[in-house]
There are 2 protein chains.
Amino acid sequence: MLSKSQISFVNALHHKKYRKEQGLFIVEGTKSVNEFLRSGYITDRIFCTPSASSKLDKIPQYIKLHEVTEAELQKISLLNTPQEALALVRIAEKTRPAAESFKGRFILTLDGVQDPGNMGTIIRTADWFGFRDILCSPDTVDAYNPKVVQATMGSLSRMTIFYAELGEIFETAQMPVYGAFLDGAPLPLERWGTEGFILLGNEGNGISDASARHVTQKITIPGTGGAESLNVAISAAIICYDLSARR
Amino acid sequence: MLSKSQISFVNALHHKKYRKEQGLFIVEGTKSVNEFLRSGYITDRIFCTPSASSKLDKIPQYIKLHEVTEAELQKISLLNTPQEALALVRIAEKTRPAAESFKGRFILTLDGVQDPGNMGTIIRTADWFGFRDILCSPDTVDAYNPKVVQATMGSLSRMTIFYAELGEIFETAQMPVYGAFLDGAPLPLERWGTEGFILLGNEGNGISDASARHVTQKITIPGTGGAESLNVAISAAIICYDLSARR
């Protein structure tokens, strides 16, 4: 049985303001819920239909479990076809990352990416290639947006997302910044080195001027066709692939 | 001035059945409309606001031009913010492709891809890498779906899309079929050869059994992280990149 106040509590979490206030975000589907249960994230409560119980991992006692009907789940789900379980998970409050913690590796860095589907796909792809964290400018879409979470297909559970002023980090870290532009050095690069930020910009406007000032190496995915540009998630994936194939 | 019957005529084209009946599909935005005007596709009519006229190419006399208000454009647009122009363009009726026409090159081939966003992104990416056509199984999402057209960002205007039974084509063409699986030979391949089909499957179920029988080389994008799979448009992009970087 789902009360009216429970329904409005969950639905409010579709909005960033309430997610920040409550420190919670929504994860849907038994598969994703299991991935968060196995992760470093803390699950606060789970709403699930009777059919979900055989599919969910053993649920620790401190997690509140609400059994609901399919019709009730529909009322709090954003999916056209709700997938048996919906969890509220704690937003991992990350203090500002110490720039030194990035030394010796490559950091995928997003500067104003806006589309939740792109953001989710980038997180899923970064997880595939073994990245463990993503650095985002403050105006990048919220990674805990339900559409982002859905598009990550569970990969968010294995990823740490930092939001910070990129310029400050770039300045302190003193590492190469590889920026994706339309007029850079064509991939594959002769050498990638051993560390650096891989910077991708906004869907329409690309990398901001403020970030571009810190770019030490402009890179470009060579194309011979007619398209003016590539989707940002596609660019991120090709760069991640190229980097991982060459190391 | 837009009549009620014009509004329902355009809105009916959101559905595949009516697109097939009328042989028309919708293209939105001055930039995309211009790209179709410059392409081999035939534009039938254009609805545009007064502000669009300075942005559109010279429009041949045989194309019907309807000037509309922004409010009228909103009634036929699928976009939250209509972009000054909406064209109805003729579906290029392709006869079944002769398998021999594929000899000597690589053909991007989709087996049951369902999501319009993925399909549109694949067309845009294929255009970037200079592919000129895409071969699709009959159950692949319709390339003239307005959401697909939008996601191609104009690239559809430079691309021919064939829908055909893949098995028959594979059998007649007698070319290598490279299929994207989770357990294939890791990219980069030692050698790609000079021709072949690059086969990608459905978002949830992958390549169908019927198509898998024709695969001569299973390929995989190597990953070291936790994600179970990559999005199909991401996989297509990485394979296109790898192929184009190695030729």
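Phe25(A), Phe36(A), Tyr41(A) and Tyr144(A) form one aromatic cluster. Rings of Phe, Tyr and Trp (its six-membered ring) pair if their centres lie within 6.5 Å; planes under 30 degrees apart are called stacked, over 60 edge-to-face, and the rest tilted.

A word on the ground rules: this is a predicted model, where local features need pLDDT of at least 70 and side-chain atom pairs count only at pLDDT 80 or more, while totals for chains, interfaces and linings use all residues. Residues are numbered from 1 along each chain as its sequence is written, chains are lettered from A and ligands numbered from 1 in the order in which they are written, and side-chain values use heavy atoms, with hydrogens and water left out.

**Aromatic pairs**

Over all chains, the whole structure holds 23 aromatic pairs. One of them joins Tyr178(A) and Trp192(A), a tilted pair. It links distant parts of the chain, with Tyr178(A) in strand S8 (residues 177-186) and Trp192(A) in the loop between S8 and strand S9 (196-201) of chain A, 14 residues apart. Helices (H or I, at least four residues) and strands (E, at least two) are DSSP runs, numbered from the N terminus.

In chain B, Phe170(B) sits in helix H7 (residues 166-173) and Phe197(B) in strand S9 (residues 196-201), so their pair ties together parts 27 residues apart in sequence. Phe170(B) and Phe197(B) are buried too.

| Pair | Centre to centre | Angle between planes | Class |
|---|---|---|---|
| Tyr178(A), Trp192(A) | 4.7 Å | 55 degrees | tilted |
| Phe170(B), Phe197(B) | 5.0 Å | 65 degrees | edge-to-face |

**A strand in chain B**

Strand S2 (residues 43-48) of chain B is mostly covered, with six of its six residues buried. Two strands pair if DSSP finds at least two bridges between them. S2(B) runs antiparallel to strand S4 (residues 85-90) of chain B, joined by five bridges, and Cys48(B) stands opposite Ala85(B) in S4(B). With strand S3 (residues 64-67) of chain B, S2(B) runs parallel through four bridges; here Arg45(B) faces Lys64(B) in S3(B) as its opposite residue.

**How the copies relate**

Chain B superposes on chain A by a rotation of 180 degrees with 0.0 Å of shift along its axis (RMSD 0.0 Å). The two copies are therefore related as by a two-fold rotation axis. Superposition is by least squares on the C-alpha atoms of residues with pLDDT of at least 70 in both.

Technical notes. Buried means under 20% relative accessible area, exposed over 50%, partly exposed in between (1.4 Å probe, protein chains only).
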